[in-house]
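I opened the model to look up confidence, strand pairing, the core and a few backbone angles. The entries follow in the order I made them.

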Amino acid sequence: MARSTSPRNLSKKKPQTSLILLEEVGGKGRGVFAGRDISAHEEVLEFLGNIVDRSELDDLTHALQIGPREFLTSSGDVDDFVNHSCEPNCGIRNDDDRIVLFALKDIAKDDEITFDYSTTQTGGFWSMLCQCGSDKCRGMIGDFQDLPVGTKTFYTQQGAVLSYLVEEPAVKPSKVSSAEYKSGRRSRKKPIPARNC
Ligand SMILES: [Zn+2]
């Protein structure tokens, strides 16, 4: 998230689980690291904060999108500092009314905790050039819909996408050919414009 919060506030809060927060990560700012070995599928942390509408936020860098217009504000806890990776070791999911991070694979103590920011985003509200350093780096962090098909499928199969993005009804292309329209064999109230895709 790179959601900045004063370190002074962090020391007042009890850290979640057994994760530790480090100040600097090789020029990326702060990051969150495993304080112990973490098993695949294990819950790592919960994202906390206040739910606000898009219109209430000036700077989206400090927020986590959790709905078409809903964002979770900075919490001041370690969840603010989980960095993005295009090849992450964690995924994000809804767990009833909680938003949690879980391990996509076994994570060794001291490894950095990461997830793919694109698994929360839609609407074109926020994007950023990516320098995660992964061999699979896409170069840009954007919306879920803009991910390569194989990447979307992987995250969906892993349950590592916020449910509002998965449950969003897909726009199905018309299977009716223009010839059928012209012939009058199929009719609709509105003509469908031609598409080149
Ligand atoms: Zn990347």
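**Confidence.** I started with pLDDT, the predictor's confidence in each residue, from 0 to 100. The mean pLDDT of the protein chain is 81, and 74% of its residues reach 70 or more. I noted that this is a predicted model, in which local features need pLDDT of at least 70, side-chain atom pairs count only at pLDDT 80 or more, and totals for chains, interfaces and linings use all residues. Residues are numbered from 1 along each chain as its sequence is written.

Confidence in the protein chain is lowest in helix 1 (residues 7-10), with a mean of 38, and highest in strand 8, at 97. Residues 1-14 have pLDDT below 50, and beyond near neighbours in sequence this stretch has 21 contacts in the model. For contact I used C-beta atoms, placed from the backbone, within 7 Å. Residues 174-193 also stay under 50 in pLDDT, and the model has eight contacts for them beyond four places in sequence. Where pLDDT is low, the predicted coordinates should not be read in detail.

**Totals.** I counted four helices and 12 strands in the protein chain. Of its 197 residues, 28% count as buried. The cut-offs are 20 or more other C-beta atoms within 10 Å for buried, 12 or fewer for exposed, and partly exposed in between, with C-beta atoms placed from the backbone. Among contacts with a separation of 6 or more, 65% are between residues 24 or more positions apart.

**Strands 1 and 2.** I took two strands as paired if DSSP finds at least two bridges between them. Strand 1 (residues 19-22) pairs with strand 2 in the antiparallel sense over four bridges. Leu19 stands opposite Ala34 in strand 2. I checked the faces of strand 2: Val32 and Ala34 make up the covered one, Gly31 and Phe33 the uncovered one.

**Strands 3, 8 and 9.** Strand 3 and strand 9 run antiparallel and are joined by four bridges. Phe47 is opposite Ile99 in strand 9. Strand 8 pairs with strand 9 over six bridges, also in the antiparallel sense. Asp95 stands opposite Arg98 in strand 9.

Three strands form an open sheet with antiparallel pairing, in the order 4-6-5. Strand 4 (51-53) and strand 5 (64-65) are the edge strands, each pairing on one side only. I found three bridges between strand 4 and strand 6 (residues 70-72), which pair in the antiparallel sense. Asp53 has Glu70 of strand 6 as its bridge partner.

**Core.** I looked for nonpolar cores, meaning sets of buried Ala, Val, Leu, Ile, Met, Phe, Trp, Tyr and Cys residues joined through C-beta atoms within 7 Å. The largest nonpolar core has 30 residues, and those with the most contacts inside it are Leu19, Val44, Leu72, Cys90, Leu101 and Ile113. Strand 2, strand 3, strand 6, strand 8 and strand 9 each give two or more residues to this core.

**Positive phi.** Most residues other than glycine have a negative phi, and most peptide bonds are trans. I noted two residues here. His41, which is not a glycine, has a positive phi of about 80 degrees. His41 lies in the loop between strand 2 (31-34) and strand 3 (43-47). His41 counts as partly exposed because 13 C-beta neighbours lie inside 10 Å.

Asp96 takes a positive phi near 55 degrees in the hairpin of strand 8 and strand 9, which has two residues between the strands. Is Asp96 buried or exposed? Asp96 is exposed, because 5 other C-beta atoms lie within 10 Å.

**Asn94.** Last, I looked up Asn94, which lies in strand 8 (residues 90-95). Asn94 has 16 C-beta neighbours inside 10 Å and so counts as partly exposed. Leaving aside neighbours within four places in sequence, Asn94 is in contact with Ile99, Leu162 and Ser163. From Asn94 to Ile66 the C-alpha to C-alpha distance is 9.1 Å, with the two 28 residues apart in sequence.

Terms used
Contact = placed C-beta atoms within 7 Å.
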